Amino acid sequence: MIRTTIAGSLPKPAWLAEPEKLWAPWRLVGADLVEGKQDAARVWIKIQEDAGIDIVSDGEQFRKHFVHGFLEHIDGIDWQRMTTMGIRDDRYDAQVPTVTAAVQRRKSVHGDDVKFCRENTRHGLKVTLPGPMTICDTIADAHYGSRPEMAMAFARLLNAEALELQALGVDVIQFDEPAFNAFMDQVPVWGVDALHLAIEGLTCKTAVHICYGYGIKANNDWKDSLGDEWRQYEEFFPALNDSRIDQVSLECADSKVPLSVLRLLADKEVLVGAINVASEVIETPEKVAATLRAAMEFVDPERIIACTNCGMAPLPRHVAEAKLQALGAGTALLNRELAGR
Ligand code: ZN
């Protein structure tokens, strides 16, 4: 049986934040905002359950952005000192805050959110946190002077957070590391070490998500420049396969990633992206099943979890909903086929 999950974010309802936009400002404040985020999470949990998603998530309804949503609660960061920085190896510019002192976490960042989700679903629950390397690529440094050193400092905070979330009954904790695809050579040098520090002591499933980014123009243009075969994963999958991370989430739908790279993850569970998040075209269940079937040439179905390529935050809400339904239906179609053979 192939199970299903999602990579991360889902669109915010229009009453909560401006739709189809990354870093969209909230439209509510104070207690209304707290209630609004919870209502949005509740709606998406229900939609995921109805769509046949086994391991659901909050779809990042509680945070403005997958990196800064965590960083907002960390001391040592100056949000008045915003720097325009070329991120993901200069793929696009982002306004980022600056680390000016040793980073510290005063209290749980996502504890209340996760507690709410745990109380609102009996399905498996996944939580996503930004990975240490991606954090370091989404913030300016005026304190540490070295990315690996700063990554280890953030990894310690992530670990404390992850241990608290695990205690609340989370089944999977995923670290999002799109930066792995931009700094491939650094992954074996310090990227995996930082992840290991972040997962220390965890007994729930741990995952790392590495994609070719949201379906925004800068990413789509970058993809166009990568040629006919995207072999970035090849460079660091061996290091990930040797790591203590349980699951690797990657992009396979409508992607130029040669699926033979999956051979390099022989000891991992593989979250096969079977939904293209860079297109508003809704996949048919047959197409989802075909993507998963192609992955099965290199991975046993027992190790495959059907997933989306990346988060769906920038998509229209109804498109994301239909794509979730396609993911569930396509996986169910393949599972019926597998049961009959
Ligand atoms: Zn992604």
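**View 1. Strands β8 and β9 in the predicted model.** Strand β8 (residues 205–209) runs parallel to strand β9 (residues 247–251), and three bridges join them. Ala-207 has Gln-247 in β9 as its bridge partner. Helices (H or I, at least four residues) and strands (E, at least two) are DSSP runs, numbered from the N terminus. Residues are numbered from 1 along each chain as its sequence is written. This is a predicted model, in which local features need pLDDT of at least 70 and side-chain atom pairs count only at pLDDT 80 or more, while totals for chains, interfaces and linings use all residues.

**View 2. The open sheet of eight strands.** With parallel pairing, this sheet has the order β1-β11-β10-β9-β8-β7-β5-β2. Its edge strands are β1 (3–4) and β2, each of which pairs on one side only. Two strands pair if DSSP finds at least two bridges between them.

**View 3. Strand β5 and its partners.** Six of the seven residues of strand β5 (residues 124–130) are buried (20 or more other C-beta atoms within 10 Å of their own, C-beta atoms being placed from the backbone), so β5 is largely enclosed by the rest of the structure. Strand β2 (residues 55–56) pairs with β5 in the parallel sense over two bridges, and Val-56 stands opposite Leu-125 in β5. Strand β7 (residues 172–176) also runs parallel to β5, joined by five bridges; here Val-127 stands opposite Ile-173 in β7.

View 4. Two bridges pair strand β4 (residues 92–105) with β6 in the parallel sense, and Val-99 stands opposite Asp-141 in β6. Axes are lines fitted to C-alpha atoms, for helices over the stretch in contact, and angles run from 0 to 180 degrees between N-to-C directions.

**View 5. Helices α6 and α8.** The axes of helix α6 (residues 186–199) and helix α8 (residues 232–241) come within 9 Å and cross at roughly 40 degrees. Val-187, Pro-188 and Val-192 in α6 meet Phe-236, Ala-239 and Leu-240 in α8, contact requiring C-beta atoms, placed from the backbone, within 7 Å.

Conventions. Contact = placed C-beta atoms within 7 Å. Buried ≥ 20, exposed ≤ 12 C-beta atoms within 10 Å, placed from the backbone.
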